[in-house]
Each structure stands twice: as C-alpha cells, then as structure tokens.
Amino acid sequence: MHTRRKFIGAAALGLVGGALPFTLRAQGFETAKIIVGFPPGGTTDVMARKVAEKLRGPFARSVIVENRPGAGGQIGVTALKDSPADGSVMLLTPSSMLAIYPYTYPKLQYRIEDVTPVSLAMYTHHVFSVGPAVPESVKNLKDFFAWAKANPDKAAYGSPGAGSMPHLIGVLVAKASGTELRHVAYRGSAPGIQDLLGGQIAAFFGPTGDVLAHSKAGKVRVLGTSGEGRSGFLPDVPTLREQGISVALREWYAFFMPARASAETVQRAADALRPVLVEREVVEFARQFGLEAQPSGPRDLAELLKRDSAEWGNLVKQTGFTADS
C-alpha cells in the first residue's frame with residue numbers, strides 16, 4: 001500500500017505568532033527575492049506574492065517575485081542553485097521538482113543536494129475529475145473504469161504535464177484498476193481543464209484548487225481525491241483508497257535556498273516565514289486555491305523531502321515512466 005506518513009504536527013513545529021527575532025529585525029535586507037518556476041497567475045505565483053507582501057518590513061524593505069517558467073518548474077530550481085546564498089533569494093516550488101523529477105528526467109540540470117530546505121509552506125491533494133464527455137450515470141471510480149473499458153477510444157485523462165505528480169498518480173490508478181487509460185499531457189492545468197469542460201477529454205487529474213469552482217458550478221464531477229483522508233474542500237468525495245485503490249499521496253509546496261546558505265541564514269528565513277504562514281489572512285487566501293498552509297522548520301522539511309524522494313523513487317519504478325519514454 002502506498003501511503004504518506006502524517007506530517008509532523010503544528011505543536012512539534014514550534015509555531016510562533018509573535019514578533020520576529022531581534023537578529024532578523026537587525027539584519028533585514030534592502031531587497032529580497034522569491035523565485036517561482038511558473039508563469040504569473042498560477043497557484044505557486046499567487047502564493048509567493050502573498051507571502052512576499054507579508055515579508056516586507058523586518059525581513060526586507062522590498063520583496064519581489066521573479067518568475068522563471070519553463071521545463072515544468074525545472075528552470076526555477078536551476079536559477080536558485082546559481083543564486084547568492086546570503087539569504088536574500090528563496091525559491092517556492094511544488095515538491096515534484098525535487099522529490100520526483102530526479103527519477104524521471106535523466107538530464108536534469110540540478111540535484112537535491114543543490115538546494116537547502118527552509119520551510120514547508122502549504123499542501124494540496126490531487127483530484128480525479130470527469131466532464132461532459134462522460135455520462136451522468138458515472139458517479140464513482142468503479143463506474144468510470146467500467147465506462148472506460150466499454151469505450152477504450154475515449155478512455156483518456158489529462159494532467160498538468162508529463163512526469164508531474166498528477167500524471168504519475170493516474171498511472172498508478174490505472175494499473176491498480178486494470179484499466180487502459182491514455183495520458184494527455186498539458187502545459188499546466190488551465191488548458192487541460194478547458195478541454196475537460198469542453199468535452200475534448202474525458203477526465204483530468206490535477207490539484208484540488210484547479211477544479212473547485214467548476215465542481216461547485218456542476219460543470220465537472222470529482223470522483224476521487226488522492227489524500228490519506230477526505231479533502232476538507234470536497235468532504236463528500238471519497239478518497240482513492242476508499243474506492244479500492246491503494247494510493248494515498250499529496251503534493252506540498254516549500255521554500256528553499258541555495259545549498260551554500262549557512263544554517264543561521266536558513267533559520268532566520270524560517271523564523272520570518274513561520275508567523276506569515278499561520279496568519280489568518282494568508283491561511284484563508286491559500287484556501288481559495290485548495291491549499292492548506294502549514295509551515296515547518298528546516299530540519300522537518302529536510303526529513304519530509306528525504307522520505308518523499310525515497311518513496312517516489314519506488315513509485316516511479318512501478319509506473320515505468322521516464323522523460324525519454
């Protein structure tokens with residue numbers, strides 16, 4: 001069974017909501033930067049901008065977001081690797097770029113060792129949704145698999161990109177169900193969701209936030225969620241595991257610095273991020289995108305990345321996927 005261990009609780013993280021440490025107030029930057037490996041307007045970008053807004057002041061007089069899109073987030077990680085390690089530059093990235101890509105892209109321009117963990121930021125579940133191309137009689141995964149087997153020419157699902165976590169979860173789901181599902185890779189969720197709504201593709205696997213509004217409007221039907229437990233955003237939708245698919249995975253987003261950053265520098269940034277990520281305004285803003293805000297310490301994030309990387313190494317072998325396949 002593929003499961004994700006519960007991440008360490010808030011109490012163990014030592015969350016704080018008070019003033020920033022004196023050392024941080026005394027050593028604020030004139031300008032700091034958050035790199036995002038995706039275009040403006042996406043989930044990672046909007047969250048980075050909200051955090052940047054809240055960091056202005058003691059951490060830095062000015063905090064900007066620099067978009068370095070391309071190669072499914074790889075360019076952003078590469079840009080961080082070559083950035084100054086004085087604490088003025090951080091990267092906000094989904095976990096796939098570091099926990100999965102090293103196993104799926106043989107010519108990756110970076111290694112996990114090129115970055116150092118600062119703080120977990122938020123997490124989301126992925127959801128399996130169907131649109132108007134699938135009959136209304138299909139209410140759950142069992143119904144969908146039966147329909148897919150009866151309609152092999154239409155049995156396809158999209159994802160935000162080849163080698164992304166939603167793509168690989170889809171491969172695992174198809175294998176577990178014994179169903180042939182053709183994968184269609186999109187450049188991000190937006191074009192895939194448009195095809196789902198238009199009936200050009202039967203199903204789509206992607207982040208919860210990408211389909212929430214369409215689900216509430218009745219334009220798509222969410223048949224399953226990828227977490228260990230039901231999503232708080234879609235409490236009526238059963239998990240994959242509840243429906244007989246032994247897969248329970250979630251995607252997290254986190255802040256990183258170049259590997260050369262000192263432990264003191266990393267801790268100062270983590271101390272600055274912690275109160276921001278538990279601030280009510282930020283928590284509610286994240287929920288609009290189907291995200292649960294959850295900071296951590298550098299060591300906790302390092303352990304999470306190590307654990308996830310090992311797990312995905314095994315899962316990728318099961319899928320048989322590589323960027324060259």
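Tutor: Contact here means heavy atoms within 4.5 Å. The model is a predicted one.

Student: Which residues does L240 touch?

Tutor: Leaving out residues up to four places away in sequence, L240 touches L141, I169, V173, F205, G224, T225, S226, I245 and V247.

Student: How should I read the nonpolar core, and which residues have the most contacts inside the largest one?

Tutor: In soluble globular proteins, nonpolar side chains tend to be buried together. In this model the largest nonpolar core has 53 residues, and those with the most contacts inside it are F128, F144, I169, L240, W252, F256 and W312. Helix α8, residues 165-177, gives the most to this core, with seven residues. There is also a second, separate core of 35 residues, which includes F29, M47, A60 and V266.

Student: H167 is in helix α8. Is H167 buried or exposed?

Tutor: Buried means under 20% relative accessible area. H167 has a relative accessible area of 5%, so H167 is buried. Apart from residues up to four places away in sequence, H167 touches Y157, S159, G161, A162, H183 and F321.

Student: Next, the sheet. What is the order of its strands?

Tutor: Strands of a sheet pair through backbone hydrogen bonds, either parallel or antiparallel. Here six strands form an open sheet with mixed pairing, in the order β2-β1-β3-β10-β4-β11. The edges are held by β2 (60-67) and β11 (292-293); each has a single partner strand, so one side of each is left without a neighbour in the sheet.

Student: How many bridges join β3 to β10?

Tutor: Four bridges join β3, residues 89-94, to β10, residues 251-258, and the two strands run antiparallel. P94 has Y253 of β10 as its bridge partner.

Student: How do helices α3 and α12 cross?

Tutor: Angles over 145 degrees count as roughly antiparallel. The axes of α3 (residues 43-55) and α12 (residues 280-287) come within 11 Å and cross at roughly 170°. The two helices are therefore roughly antiparallel to each other. On the α3 side the contact is made by V46, M47, K50, E53 and K54, and on the α12 side by E281, V282, F285 and A286.

Student: What span should helix α13 have, and what follows this helix?

Tutor: Helix α13 covers residues 298-319, and at 1.5 Å a residue its 22 residues should span 32 Å. The end C-alpha atoms of α13 are 31 Å apart, which agrees. G320 follows α13 and has a positive phi, near 75°.

Key: Residues numbered from 1 in each chain as written. Predicted model: local features only at pLDDT ≥ 70, side-chain atom pairs only at ≥ 80, totals over all residues. Heavy atoms only, no water. Pairing = 2+ DSSP bridges. Expected span 1.5 Å × (residues − 1). Core = buried A, V, L, I, M, F, W, Y, C linked by side-chain atoms within 4.5 Å. Buried < 20%, exposed > 50% of the residue type's maximum accessible area, 1.4 Å probe, protein only. Axes fitted to C-alpha atoms, helices over the stretch in contact; angles between N-to-C directions. Parallel < 35°, antiparallel > 145°, perpendicular 65-115°, else oblique.
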